[in-house]
Amino acid sequence: MSVLMRDEAQARAQFLDVQRYTIDLDLTAGEETFDSRTVIQFTALAAGDTFVELKPATLRSISLDGHALDPADLDENRFPLTALTAGPHELRIDAAMRYSRTGEGMHRFTDPTDNETYVYTQLFLEDVQRVFAAFDQPDLKSVFALTVTAPEGWTVLGNGIAQHTGDGRWTLAPTPPVSTYLVAVAAGPWHSVTTEHAGLPFGIHCRRSLAPHLDADADEILDITRACFDRFQEKFDEPYPFDSYDQAFVPEFNAGAMENPGLVTFRDEFIYRSAVTDTERQTRGMVIAHEMAHMWFGDLVTLAWWDDIWLNESFAEYMGYQTLAEATRFTDTWVDFGVARKGWGYDADQRPSTHPVAPDPAAVPDTASAMLNFDGISYAKGASALRQLVAWLGEKDFLAGINTHFARHKFGNATLADFIDNLASATDRDVHAWADQWLRTTGVDTLTPHIGESDTTWSLTVGHHGTRPHRITVGTYDHAIDTQSGPDRLVLRDRFDIGIPQDSDATPQAGDGTTTRPGRRPALVVLNDNDLTYAKIRLDPDSWTTLQAGLSGIPDALTRAVVWNAARDMVRDGELAPTSYLEAARTHLPHETDLALLQGVLAFADTQVAARYTTPEDRPAALATLTALTRDLIRRTEDGSRPGLRLTAVRHFIDAATQPDTIHGWLTEGTVPGGPELDPELRWRILTRLAVLGATDEQTIAAALEADPSATGQEGAARCRAALPTPEAKAAAWHAMFTDDTLSNYLFTATAQGFWQPEQTDLVAAYVPRYYPDATALAVRRGPAIADAAGRYAFPAYAIDADSLHLGDQALTDHALIPALRRKLTDQIDDLRRALTVRNAH
């Protein structure tokens, strides 16, 4: 396939004006293909040549201005249009297109629970070509008018209001001018809950087998949707720009969600079949708010080329957390961002694959390279940068600049330069300099406190290793004077803001203009106390001593998140022993009151500290610490007052189990003593752990699948079978992943998750050298989505030794690696190198 080059796109944008696509899709042609007929009305602004993109199973006919063209002229995914005259033209294409099983293009899924079939589109970044012919680039916006023929009993959803005209025919209201990648269709026997808000039809949709679970949460989902919608209407001068707002929860979706105007698609794991914590509900709410923010930033105003993807994602990420906190009951969203999301950005920014939030245009020369920038930098780091910008600029001026941006570019395209100019129009601050310092640089700054003291005063100097200026809050804390048992309690003494210049240590200027503070030095000094900047934070030795006894005694959850992130970064940088992190978790998590913080710390302790940073010899002790910790949490929640905390503890108790007896007893009884009763998620979690421990078998897995034949049941069974510690099970799983080529994207991921286990490194050692050539060949055959899954989930992450690192480094020299897999391997191998370094440091 030919990828689109930036210079080609720029030339085509100057050559064409595209007015309208009229698209007719027939979804009744069979299980493998659907029919796609497209009429494109466009104007050539001069005489010359261009091309249109499509990836058909069969190109039946193509004509230009009524003259037939030869379908054999299709070259990979490009059809040449030569000797065009200046003026209007009409292109007609009739093709059969393939359904996808990998979440790309038109994905087709048959629900094993009831045998009902659903299809939906995911056309980002260049997968529109799998559904209909298009001049496929974001700055050739057009009106799209679709009709769809679907099987009887199906409902068709799209970007505009859909009308059923009989005989399975559906007509979708034409869109305003939007980019090709934002067109959306979802069809099937959906279960729908509809309402009206602000004069617009709102709907939420899922497959029928999930209907009871959607109905149980419909009020919550719609309440969040309405509240965020109203808050955005208050923030933005431009009204909501589309005619309806549907949210479809679709199966086997590769992303978290997609911001198709008027029809947002979500992975349907957000329709909870099993018990979840309030933090997980908050995450769903944040994604709802994030995608709604895209209706303005991304859909109304769209990037001109993919180097500016951060303009979409960073803005939506920031607005998702901020607006959810302002408009709903989830008022502590920034704690979850700090402990769960921000580390994603920090990690990505320290790898060889790092890039600026706003990369140089030359670094994104084509669509293949553009796909690589959907990472923690474009989301979490970019959102952190915007949060720092708002703290520096003030929200009033920030929103004024945003609204100017919308007014100037609505239904059009904009660049970073446009965005910065529009922000600058609302303030006297040098926004252009800020953009150069924050958006054009890479890496994570590190801020370190240096504290001096005398008889009557103490002083603070911040060591600054990095390149960016920062505006931060410093929090100082003293020991509380009380006699309570448990961890030391700390009380806030003072908070003050300081400015840290670029490229230097800083002597902060306090409110009174001095560099010192009166009184003895505090027991604890926390830089970036309210987490408004993006930097790694270090702790002075006396503060760390205080935290060992008093971390959970810090009164504010956001401050605790900053401290836990500091400890996390110190472990990753080899400055804090992994065992010290586990000891801190063991001491303080039983007293933690913020669920997001508890989940984030436990996740890092489990998946990184115990699984990767701890040597195989020390892993049993690490798991014993986690078992003791989670058992303590389970005991402390026996009164039923903290169901989310108890559920989190039960999940991690299962994952840390080294002996099968207790969790096998839970599975047999169908409940944890004192609750909760086992739902499907807990049953499959226990069975997976039993499989790892060699305490179950194929017969038991098959019986569990018969009891839960759902899609998630199928994934659970695949994960369990791949986790069985036998040569036969590993061989079968490897064949399914790397030879068979029939696994859907989700079943591939589940199999990969089961295959590699820290306890089974010797059993699967022979597969480590096989991984690189097999994954490389698989990626070429099956494309970017499976390549991403192969690099993310099928990588031998627990083979942490010099030989594995050497194999990985050698693999990166293979020119056959497609970009999606190369990026994933680059990141994984760097994480492997870091894990080895951490192990050797302690």
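These legends accompany close-up views of a predicted model.

**View 1**
The strands run in the order β25-β24-β27, and their pairing is antiparallel. At the edges are β25 (490-500) and β27 (524-526), each of which pairs on one side only. Neighbouring strands are turned against each other by 20° on average, direction ignored. Helix α11 (residues 541-550) packs on this sheet and touches β24, β25 and β27. The direction of α11 makes about 100° with that of β27.

**View 1. The pairing of β24 with β27.**
Strand β24 covers residues 470-479. It pairs with β27 in the antiparallel sense, over 3 bridges.

**View 2. The buried side of helix α9.**
Helix α9 spans residues 416-424. Its buried residues are Leu416, Phe419, Ile420, Asn422 and Leu423. Around the axis they cover an arc of only 160°, so they sit on the same side of α9.

Aspartate 347 belongs to helix α5 (residues 333-349). Its relative accessibility is 11%, so aspartate 347 counts as buried; the cut-off for that class is under 20%. The side chain of aspartate 347 makes a polar contact of 2.7 Å with the side chain of arginine 568. Another polar contact, of 3.1 Å, joins the side chains of aspartate 347 and arginine 572. Not counting residues up to four places away in sequence, aspartate 347 touches Arg568 and Arg572.

**View 3. Glutamate 677 in a loop between two helices.**
The loop holding glutamate 677 lies between α17 (661-669) and α18 (680-692). Glutamate 677 has a relative accessible area of 65%, so this residue is exposed; that class begins over 50%. Leaving aside neighbours within four places in sequence, glutamate 677 is in contact with Gly670, Thr671 and Leu682. For scale, take aspartate 542 as a reference point: glutamate 677 and aspartate 542 are 45 Å apart, C-alpha to C-alpha. Along the sequence, 135 residues separate them.

**View 6**
The structure holds 50 aromatic pairs. In the pair shown, the ring centres of tyrosine 346 and tyrosine 534 are 4.9 Å apart, with the planes at 40°, so the pair is tilted. Tyrosine 346 lies in helix α5. Tyrosine 534 lies in the loop between β27 and β28 (536-537). The pair therefore ties together parts that are 188 residues apart in sequence. Tyrosine 346 is buried, at a relative accessible area of 3%. Tyrosine 534 is buried too, with a value of 0%.

**View 4. An edge-to-face pair of phenylalanine and tyrosine.**
Phenylalanine 738 and tyrosine 771 form an aromatic pair, 6.3 Å from centre to centre. The angle between the planes is 85°, and the pair is edge-to-face. Phenylalanine 738 is in helix α21 (residues 727-740), while tyrosine 771 is in helix α23 (residues 767-782). The pair links distant parts of the chain, 33 residues apart. Phenylalanine 738 counts as buried, at 5% relative accessibility. Tyrosine 771 counts as buried as well, at 0%.

**View 5. Strand β19 and its partners β17 and β18.**
In strand β19 (residues 263-267), 4 of the 5 residues are buried, so the strand is largely enclosed by the rest of the structure. Strand β17 (residues 245-250) pairs with β19 in the parallel sense over 5 bridges. Strand β18 (residues 257-258) pairs with β19 in the antiparallel sense over 2 bridges. Phenylalanine 266 of β19 is the bridge partner of phenylalanine 249. Phenylalanine 266 is also the bridge partner of alanine 257. The hairpin of β18 and β19 has 4 residues between the strands. In this hairpin, glycine 262 takes a positive phi near 80°.

Definitions and conventions
Residues numbered from 1 in each chain as written. Predicted model: local features only at pLDDT ≥ 70, side-chain atom pairs only at ≥ 80, totals over all residues. Heavy atoms only, no water. Pairing = 2+ DSSP bridges. Axes fitted to C-alpha atoms, helices over the stretch in contact; angles between N-to-C directions. Contact = heavy atoms within 4.5 Å. Buried < 20%, exposed > 50% of the residue type's maximum accessible area, 1.4 Å probe, protein only. Arc of directions from axis to C-beta. Polar contact = N/O pair within 3.5 Å; in protein donor to acceptor, adjacent residues only side chain to side chain. Phe/Tyr/Trp six-rings, centres within 6.5 Å; stacked < 30°, edge-to-face > 60°.
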